[in-house]
Amino acid sequence: MAYKILTSQCISCNLCLTVCPTNAVKVVDGQHWIDPELCTNCIGSIHTVPQCKAGCPTCDGCIKQPSDYWEGWFANYNRVVAKLTNKQDYWERWFNCYSQKYSEQLQKRQPQKMAAEA
């Protein structure tokens, strides 16, 4: 399994439940988790990125699960240190992430719109 859901970042919106093509995302005792037996990381599907990661509105609720213990330890350490030193608000992070993704979508549609007008 390459991804896991951070319960501290999860806002229980249940979007990951609906976008997972293999139904690997489960809710047990109110906690979301990814079943490693069912998860294929969306490889071999029509999706180019894992849908749990792409559909997460928090942008960091679903994170890549490292394969090496120390890699995971340092990734967690760096994330916690960054969180402690960067006093960025949840909604500010959400807005920045949302506006970035929205801007990317607008840029993708802009050439299509110009071609249709021509």
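**Pockets and cavities in the model**

Q: Which residues lie nearest the centre of the largest pocket?
A: A54, C97, K101, Y102 and Q105 do, out of 13 residues in its lining. On a 1 Å grid over the protein atoms alone, a pocket is an open set of points with protein on both sides within 12 Å along at least five of seven lines, and lining residues have an atom within 4 Å of a point.

Q: Thanks! Which elements give two or more residues to that lining?
A: Helix 2 (51-55) and helix 4 (90-117). Helix 4 gives the most, with 8 residues.

Q: Before I go on, what sort of model is this?
A: It is a predicted model, where local features need pLDDT of at least 70, side-chain atom pairs count only at pLDDT 80 or more, and totals for chains, interfaces and linings use all residues. Residues are numbered from 1 along each chain as its sequence is written, and side-chain values use heavy atoms, with hydrogens and water left out.

Q: Good to know. Back to the pocket: what is its volume?
A: The largest pocket has about 390 Å³, counted as the space filled by probe spheres set on grid points that are joined across faces, edges and corners.

Q: And which domains does the lining draw on?
A: Domain 1 (2-85) and domain 2 (88-116) each supply at least three residues to the lining of the largest pocket; the bounds come from an automatic or database domain assignment.

Q: How does that lining split by class?
A: The largest pocket has 8 nonpolar, 2 polar and 3 charged residues in its lining. Here Ala, Val, Leu, Ile, Met, Phe, Trp, Tyr, Cys and Pro count as nonpolar, Asp, Glu, Lys and Arg as charged, and the others, Gly among them, as polar.

Q: Switching topic: how many cavities of 30 Å³ or more are there?
A: The search of the whole structure finds 2; a cavity is a set of points where a 1.4 Å probe fits but cannot get out.

Q: What lines the largest cavity?
A: There are 15 lining residues, with C10, C13, C16, C56 and P57 nearest the centre. They divide into 9 nonpolar, 6 polar and no charged.

Q: And the second largest cavity?
A: Its lining includes Y3, I34, N41 and Q51, along with C20, C39, C42 and C52. By class, that lining has 8 nonpolar, 4 polar and no charged residues.

Q: Last one: in what order do the elements run?
A: From the N terminus on, β-α-β-β-α-β-α-α, giving 4 helices and 4 strands. Helices (H or I, at least four residues) and strands (E, at least two) are DSSP runs, numbered from the N terminus.
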